[in-house]
Amino acid sequence: MKNELAEFLPAGAIDFVFPFLDSNRVHLKVTGQRATKHGDYRPPVNYPNHRISINGSLNPYSFLITLVHEMAHLEAWKKNKSIREPHGRLWKTTFAAMMTPMLDNDIFPPDLKQALRSHLQNPRASTGDKNLTVILQRYDRKKSILLQEIPVDALFALNGRIFKKLEKLRTHYQCQCQHTKRMYRVNGLAEVAPVQG
């Protein structure tokens, strides 16, 4: 498992995460791309082991941050035996404590290290941190196009449907599904495929 996992991580990161996964006997599953989440943690309630799943399509830095995010859920669950406040104070301090040693080593490039230091002052789901999300996308294997980068009235594909981008609503955009004519709010950081109209 160690060598297979190392292929998804930045150089040197395996030595920070594998001992934790091994000592906690984590059942780790690398999945295909999921549109709704990057990772998931399940406590050993309905299963004999802690279970973590991570999207295998993530770039190595996103994969590592997501993995540590889920490991922090595991550690918080061990202390509380509860996930009532999944991103509460205990999770925040645990996540920051687990990430900090990697920031003090050469795991992350300088721009990402700086964004992570800022993020760790009040961590939450990384997708909720616009600055961190934009910097992480610089390291994606395929260059993605974000909804915020295409013009108003442009057509785009998302989750197998065609939408038209309309007005901006703070961090989201009002978008209309071209098949059903229903309106949706779509995050400006959503990865989309432009469609010629």
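This is a predicted model: local features need pLDDT of at least 70, side-chain atom pairs count only at pLDDT 80 or more; totals for chains, interfaces and linings use all residues.

Guide: In it, ring pairs join Tyr-61, Phe-108 and Tyr-139 into a cluster.

Visitor: How many aromatic pairs does a search of the whole structure find?

Guide: The search covers the whole structure. Its count of aromatic pairs is 6.

Visitor: Which class does the pair of Phe-8 and Phe-63 fall in, by the angle between the planes?

Guide: The ring centres of Phe-8 and Phe-63 are 5.2 Å apart. Their planes make an angle of 15°. Planes under 30 degrees apart count as stacked. So the pair is stacked.

Visitor: How many residues apart are Phe-8 and Phe-63?

Guide: Phe-8 sits in the loop between helix H1 (2-6) and helix H2 (14-23). Phe-63 belongs to helix H3 (residues 60-80). The pair links distant parts of the chain, and the separation is 55 residues.

Visitor: Is Phe-63 buried or exposed?

Guide: Buried means under 20% relative accessible area. Phe-63 has 0%, so Phe-63 counts as buried.

Visitor: Which ring does the charged end of Lys-165 sit over?

Guide: The charged end of Lys-165 lies 4.2 Å from the ring centre. That ring belongs to Tyr-173.

Visitor: Which residue lies over the face of Tyr-47?

Guide: The distance to the ring centre of Tyr-47 is 4.1 Å. The residue over that face is Arg-51.

Notes:
Residues are numbered from 1 along each chain as its sequence is written. Side-chain values use heavy atoms; hydrogens and water are left out. Rings of Phe, Tyr and Trp (its six-membered ring) pair if their centres lie within 6.5 Å; planes under 30 degrees apart count as stacked, over 60 as edge-to-face and the rest as tilted. Helices (H or I, at least four residues) and strands (E, at least two) are DSSP runs, numbered from the N terminus. Buried means under 20% relative accessible area, exposed over 50%, partly exposed in between (1.4 Å probe, protein chains only). A charge sits over a ring if NZ of Lys or CZ of Arg is within 6 Å of the ring centre and within 35 degrees of the ring normal.
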